[in-house]
Amino acid sequence: MQGYIYPNEYELQWSLLIVLYPYLTGLVAGAFILASLERVFNVKEVQPTYRLALLTALAFLIVAPLPLQAHLGHPERSYQIFLTPNTKSAMAMFGFVYAWYLMVVLLLEIWLDYRKDMVQWAQASTGWRRWLYYGLTLGATDLSPRALRFDESAGRWITIIGIPSAFLLHGYVGFIFGSVKANPWWSSVLMPVVFLFSAIVSGIALVLVLYMLTTMFRWQKIDMPCLDKLAQFLFYALVVDASLESLDFIHRLYEAEESIEILGQLVENRLFISLIVLQVLIGTLIPLIALGTTSPALRKGGMFRTPPDLRQLIYLTSAVFVQIGIFSIRWNVVIGGQLFSKSLRGLTVYKVELLGIEGLGMTIALLVLPFAILWAIAKILPPWPESEAVRPAAPQTA
Amino acid sequence: MRSLPQQVPRLAIVFGVALGGLFVARGLLIPDTFGDRGHYRAAAVDSIAAQPVKFAGRAECAVCHDDVLKPHGAGNHRGVTCEVCHGPAQAHVLAPLEVKPSVVRKRELCTACHAFDPSRPLGFPQIDPVAHNPRAPCIGCHRPHTPEPPTPPEACSACHGHFARQKAVSPHAALTCETCHQAPPQHRTNPRAALPGKPESRTFCGQCHGTPETGVPQVEMESHGQPNLCWQCHYPHYPEIR
């Protein structure tokens, strides 16, 4: 503790789990936006990651509310926000934003995209797997050209609705912080937009890492045009994200409100490692330089010609660095906003507890859980391009 | 008319069941009186009111224990009512001989307020329970009904170390506490009964900050920040102007 703080500010109310929550929802929104590149914007190169991106979004969306449940306690009461909605509270409306995104966007799009495969897998399987796939089709086994055309066009429309919904999901999280007008570190109209673009960055980077690792562990060859395109979009998203972050920063400096001095101390003392080193240097500048020079973002074939193996390593490292940077952004927003006193005269400290319901152990468990869920979903609904080849030759009409 | 694709009725059933389930759950789970008076179950007020009374209140204690309550009412613990330490006493009021309230000897009750915690108000008596006479019951040295420090502190920093440490690294380091605060002698033994003073006029700070010969940062005392007192905007223990 340093300087003067009010008695109720000594202990932070929003802990590491609240850092995790926007991080996870950001990955959901970002992965979905990446999937929409192929579906709506017709970027054919990233097609191998389309289904992986959708399943990643689903796996992380399932886990996204768990940090809030663990933080608030009494998860058995959480259904009440659906029964007696408080329309005046942005936080209380989260359940509906979440339900809309899960039910109307993500599950529907995955179902429409996989329906044809599920019907064929049901026909090709025996035992419980046959019943599982049949159940997942909801009995809609029609594979006529008309039915498949409906799947395609409905899926496309849902993706179009899904893009603003993904913006809503993560913009909403930024909105919650940005609307806390008593906190000068949070209160910014740019906050939802900054959250959104950092979400896109983190989602693309996550799918890039997952695509590389899953392809390598399946002993398949990595599709370099796809990887180059992912790196290219990651670079573009990173440029926009860094520009928005810089705009927010410069605006604060130029505006120089009465809080600027304590915010300066906050950045110099408490957030130096997490903001200057992890967020700006490791999470932004190094990936920007690495991707800008090696990916085809600025020049076809890259500014420096690099062999594919080296480029893969650079992309993987950059994407991991980006994840570290985005997690640091969430840390800097959530924890940083509580480290200075509203008297603007002092700073407190935050020590992460190791065990316990809000501790480091729980955070790591909730970070690992989406990968376990993704693994399980991928067992049932393989997102790999070659799994589509294991089909009966001719489409059948039920 | 062309029939709908097979997927549409199947999805409609799923969404219909989900939405129908929500409405059925609302009908079954929302209590009848929810929303009558606000965003809560109105009947909760009646069910809380119907709970048995456990606390008697200070006035009931005073009926028999006035000899304790009179000095207690004048001491530093006057805001801490009897049942905070002795527990709910309604049963004792109804049957004074059969039910006796507890006498507190555990340190944990006192340290709930007096263990060091930087978030407590500055100057509030605080100890480190590990280092401060470990395991000895607090009431062995302190009188809980009329508490006073056993040894009056000699320097202001004994209780106000937080201010003292800040001031020591500020441009006001050379000023003593008494330059700005006049503390009556009894403040050392009964701090809250005799509070120290604060500068009450702008001319006080103007002795230095409105006098160019002193060589410290100057302001135009007539116009700057009127009509506020200086310390209402500037923090004198760690002034921001260097």
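In the predicted model, the axes of helix H1 (residues 16–39) of chain A and helix H8 of chain A come within 6 Å and cross at roughly 70 degrees. Because an angle of 65 to 115 degrees counts as roughly perpendicular, H1(A) and H8(A) are described as roughly perpendicular to each other. On the side of H1(A), the contact is formed by Pro22(A), Gly26(A), Leu27(A), Ala29(A), Gly30(A), Ala31(A), Ile33(A) and Leu34(A), while H8(A) contributes a list that includes Phe195(A), Ser198(A), Ala199(A), Gly203(A) and Val207(A). Sorted by class, the residues of this contact between H1(A) and H8(A) comprise 13 nonpolar and five polar residues, with no charged ones.

The crossing of H8(A) and H9(A) is left-handed. Among the residues that make this contact are Val193(A), Val194(A), Phe197(A) and Leu208(A) of H8(A), together with Leu230(A), Phe233(A), Asp241(A), Glu245(A) and Asp248(A) of H9(A). In terms of class, the contact of H8(A) with H9(A) is made up of 15 nonpolar residues, one polar residue and three charged residues. Ser198(A), Ile200(A), Val201(A) and Ile204(A) of H8(A) are listed in the contact with H9(A), and these four residues of H8(A) are likewise listed in the contact with H1(A).

Most residues other than glycine have a negative phi. A backbone feature of another kind is found in chain B, where the peptide bond from Gln226(B) to Pro227(B) is cis, with omega near 0 degrees. Most peptide bonds are trans. Pro227(B) lies in the loop between helix H10 (202–209) and helix H11 (230–233) of chain B.

A further helix pair in chain A consists of helix H11 (residues 272–294) and helix H12 (residues 308–334), whose axes come within 8 Å and cross at roughly 150 degrees. H11(A) and H12(A) are therefore roughly antiparallel to each other, and H11(A) passes H12(A) in a left-handed crossing. The residues involved include Ser274(A), Leu278(A), Ile282(A), Pro287(A) and Thr294(A) of H11(A), as well as Arg311(A), Ile314(A), Phe321(A), Gly325(A) and Trp331(A) of H12(A). By class, the contact of H11(A) with H12(A) contains 14 nonpolar, nine polar and one charged residues.

Chain B was assigned two domains, namely domain 1 (58–140) and domain 2 (157–233), and the C-alpha centres of domain 1 of chain B and domain 2 of chain B lie 35 Å apart. Where chain B touches chain A, the contact takes 20 residues from chain B and 21 residues from chain A. The residues on the side of chain B that touches chain A divide into 12 nonpolar, four polar and four charged.

As to confidence, the predictor gives the complex an ipTM of 0.79 and a pTM of 0.78. Chain B averages a pLDDT of 88, with 97% of the residues scoring at least 70, and chain A averages a pLDDT of 90, with 97% of the residues scoring at least 70.

Technical notes. Residues numbered from 1 in each chain as written. Chains lettered and ligands numbered in written order. Predicted model: local features only at pLDDT ≥ 70, side-chain atom pairs only at ≥ 80, totals over all residues. Contact = placed C-beta atoms within 7 Å. Nonpolar A, V, L, I, M, F, W, Y, C, P; charged D, E, K, R; others polar. Domains from an automatic or database assignment. pLDDT = per-residue confidence, 0-100. Axes fitted to C-alpha atoms, helices over the stretch in contact; angles between N-to-C directions. Helix = DSSP H or I, 4+ residues; strand = E, 2+ residues; numbered from the N terminus. Parallel < 35°, antiparallel > 145°, perpendicular 65-115°, else oblique. Left-handed = near helix turned anticlockwise from the far one by under 90°.
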